[in-house]
Amino acid sequence: MTRDAAPALPPEPAGAPVAETEIARVFRQEYGRAVAVLTRVLGDIDAAEDAVQDAFTLAVQRWPSAGTPPSPAGWIITTARNSAIDRLRREAGRLDKQLKATLLQAARSPALRTPEEQVITELSREGTVDDDRLRLIFTCCHPALAANIQVALTLRLLGGLTTAEIAHAFLVPETTMAQRLVRAKAKIRDARIPYRVPHGVDLPARLQPVLAVVYLIFNEGYSSSSAGSFTREELCREAIRLGRLLAALLPDEPEVAGLLALMLLTESRRGARESGGALVLLADQDRRLWDRALIAEGQALVRQCLRRNQPGPYQLQAAINAVHSDAADAAATDWRQILRLYDQLLEVAPGPVVALNRAVALAELEGPAPALRLADELGLEGYHLFHAVRADFLARLGRADEAAGAYSSALHLAGNAADREFLEARLRDARLGDGRSPNAGPVPGETAGGADAG
Amino acid sequence: MAQYLLSVYQPVGPAPAPEILEPIMQDLEALNREMKAAGVWVFAAGLHPTDTATVVRQQGTGVLITDGPFAETKEHLGGFTVIEAEDLDAALGWAGKLSRATTLPIEVRPVQH
């Protein structure tokens with residue numbers, strides 16, 4: 001850098017823009033924590049959200065000039081708490097009777113009076129705060145709430161996604177999503193859905209919807225037809241973040257580790273699974289584009305699960321993906337191992353979609369004819385991937401006309417653009433009588449995992 | 001503490017045969033005793049069939065009286081229990097017991113207070 005070089009650009013304004021990205025980062029990272037803590041302290045989700053929103057509004061005003069505080073999370077939580085007390089004083093006359101009672105009780109509670117230093121100490125001590133987030137996940141995923149509501153609430157309250165972002169990701173108008181969230185929060189309050197981690201015998205059953213929600217968020221991000229690619233990546237990242245959180249908080253639940261491993265191993269292939277808007281099959285992917293760090297982490301988790309030897313659907317799907325990740329190229333895939341894992345998966349989670357994926361593995365070992373016979377017994381005519389799989393078997397058997405017919409059926413049922421792009425290309429190949437390479441798995445979703453093949 | 005209405009929904013039609021109904025009634029009585037012992041029981045009642053129902057609605061300055069239930073449905077409210085419980089999970093626990101005793105679906109609704 002020389003003094004006489006004329007500056008091509010005006011100097012970066014110090015402060016403001018930097019601080020705003022910093023606040024956005026803190027928001028995404030700390031929103032869920034802050035809402036979880038405040039929900040415990042205030043006993044009301046809406047009041048907690050309002051308070052945390054106030055705190056971030058204040059951060060936007062103050063941090064650019066005053067600088068980011070040493071513990072942004074501590075600052076946000078303390079400020080939100082103070083704002084809740086102010087709001088209570090200001091709006092006491094207008095508040096709903098019940099809410100006022102809970103807030104008054106909270107205002108008197110020692111938790112609301114803890115000084116900022118103590119909040120920061122609490123935050124740095126793993127435990128209390130993370131427990132709050134875990135409580136909040138179980139509240140959001142309570143079986144008394146509909147599945148789509150569970151997903152939306154989790155993204156809103158723990159992920160800090162805006163209502164508009166969630167509405168966009170799930171293809172519903174923003175007002176519809178806003179109404180759903182309002183109704184769900186009213187139900188939590190009025191029906192007194194508890195803010196608590198279920199324990200003992202209740203935990204495994206109550207964990208199911210929590211894992212399902214996280215996996216749904218991941219799949220929505222991974223295979224969604226609709227949203228722009230930015231939102232999709234964000235959803236996957238959010239699901240993995242929640243998965244890591246759950247794995248850290250519930251280290252004794254093997255399915256939690258299994259789900260995290262499944263997501264990491266699937267995510268590791270993101271860079272290789274699409275080319276020019278069309279899906280690239282697992283067999284055709286450039287494996288140099290796979291994320292080795294994610295694979296290593298996922299495989300380590302799978303090994304942990306194997307040692308524990310309490311297999312469940314997520315762990316088995318993760319193990320299947322781990323076998324794929326092990327193969328240097330498609331030809332090196334250990335299909336025998338994959339078939340064994342599908343047999344196990346069928347035992348713990350029987351269903352036609354798992355059976356269809358098993359048929360794909362069988363075709364690699366015993367050829368397309370027996371696999372086609374198996375697939376035809378599954379009664380999956382309404383599922384686009386069933387037709388895609390059949391089409392592939394037929395093409396490999398040299399029955400090009402039938403294969404073209406099956407690809408048309410698949411195309412007719414497929415909703416997602418990348419799937420359609422893929423199927424259209426296959427249909428063209430089939431019409432040209434191109435039998436395709438024998439190892440190319442026909443399932444467009446390229447994950448070998450059962451229910452997620454999409 | 002909050003109160004919850006546990007509504008028992010049963011299909012329209014004749015009551016089950018005594019040999020089926022008898023053990024159900026015994027289970028129900030046992031559950032009522034259990035609820036009372038646990039201090040959650042507030043009130044419970046079984047209802048006569050819907051063909052004993054009458055609907056009254058305000059019309060102009062008077063009321064209109066009509067025969068029959070408010071809504072013609074395949075399932076109707078056959079009885080209910082009001083309980084006092086700490087939260088929804090506790091209420092759902094009791095509802096599960098009520099569902100097992102009656103062999104019927106139970107709707108759980110919080111009472112406004």
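This is a predicted model: local features need pLDDT of at least 70, side-chain atom pairs count only at pLDDT 80 or more; totals for chains, interfaces and linings use all residues.

Biologist: What is the mean pLDDT of chain A?

Modeller: pLDDT is the predictor's confidence in each residue, from 0 to 100. In chain A, 80% of the residues reach 70 or more, and the mean is 83.

Biologist: Which residues at the end of chain A have pLDDT under 50 while the model has 69 contacts for them beyond four places in sequence?

Modeller: A contact means that two C-beta atoms, placed from the backbone, lie within 7 Å. One stretch of chain A with pLDDT under 50, residues 1-16, has three such contacts beyond four places in sequence. The stretch with 69 of them is residues 435-454.

Biologist: How many helices and strands are there in chain A?

Modeller: Helices (H or I, at least four residues) and strands (E, at least two) are DSSP runs, numbered from the N terminus. Counted that way, chain A has 21 helices and two strands.

Biologist: Is helix H8 of chain A enclosed or in the open?

Modeller: A residue is buried if 20 or more other C-beta atoms lie within 10 Å of its own, exposed if 12 or fewer, and partly exposed in between, with C-beta atoms placed from the backbone. Across chain A, buried residues make up 44% of the 454 residues. In H8(A) the buried ones include A:Ile149, A:Val151, A:Leu155 and A:Arg156. Because 10 of its 12 residues are buried, H8(A) is largely enclosed by the rest of the structure.

Biologist: Which residue just after H8(A) takes a positive phi?

Modeller: H8(A) covers residues 147-158. Just after H8(A), a positive phi of about 70 degrees is taken by A:Gly160.

Biologist: How do helix H11 and helix H13 of chain A lie, roughly parallel or roughly antiparallel?

Modeller: Axes are lines fitted to C-alpha atoms, for helices over the stretch in contact, and angles run from 0 to 180 degrees between N-to-C directions. H11(A), residues 202-223, packs against H13(A), residues 254-267, at about 5 degrees with the axes 11 Å apart. Angles under 35 degrees count as roughly parallel, over 145 as roughly antiparallel, 65 to 115 as roughly perpendicular and the rest as oblique, so H11(A) and H13(A) are roughly parallel.

Biologist: Which residues of H13(A) do those of H11(A) meet?

Modeller: From H11(A) come A:Leu211, A:Val214, A:Tyr215, A:Phe218 and A:Tyr222. Their partners in H13(A) are A:Glu255, A:Val256, A:Leu259, A:Met263 and A:Thr266.

Biologist: On to chain B: in what order do its elements run?

Modeller: The secondary structure of chain B comes to two helices and six strands. From the N terminus on, the order is β-α-β-β-β-β-α-β.

Biologist: What is the bridge partner of B:Leu6?

Modeller: Strand E1 (residues 2-11) and strand E5 (residues 75-85) of chain B pair in the antiparallel sense over 10 bridges. In E5(B), the partner of B:Leu6 is B:Thr81.

Biologist: Which residue takes a positive phi in the hairpin of E3(B) and E4(B)?

Modeller: E3(B) and E4(B), residues 62-67, pair in the antiparallel sense over six bridges, and B:Val56 stands opposite B:Ile65. Zero of the six residues of E3(B) are buried, so E3(B) lies largely in the open. The hairpin has two residues between the strands, and the positive phi, near 60 degrees, belongs to B:Gly60.

Biologist: How far apart are the end C-alpha atoms of helix H1 of chain B?

Modeller: The expected span of a helix is 1.5 Å times one less than its number of residues. With 21 residues (18-38), H1(B) should therefore span 30 Å, and the distance between its end C-alpha atoms agrees: 30 Å.

Conventions:
Residues are numbered from 1 along each chain as its sequence is written. Chains are lettered from A and ligands numbered from 1 in the order in which they are written. Two strands pair if DSSP finds at least two bridges between them.
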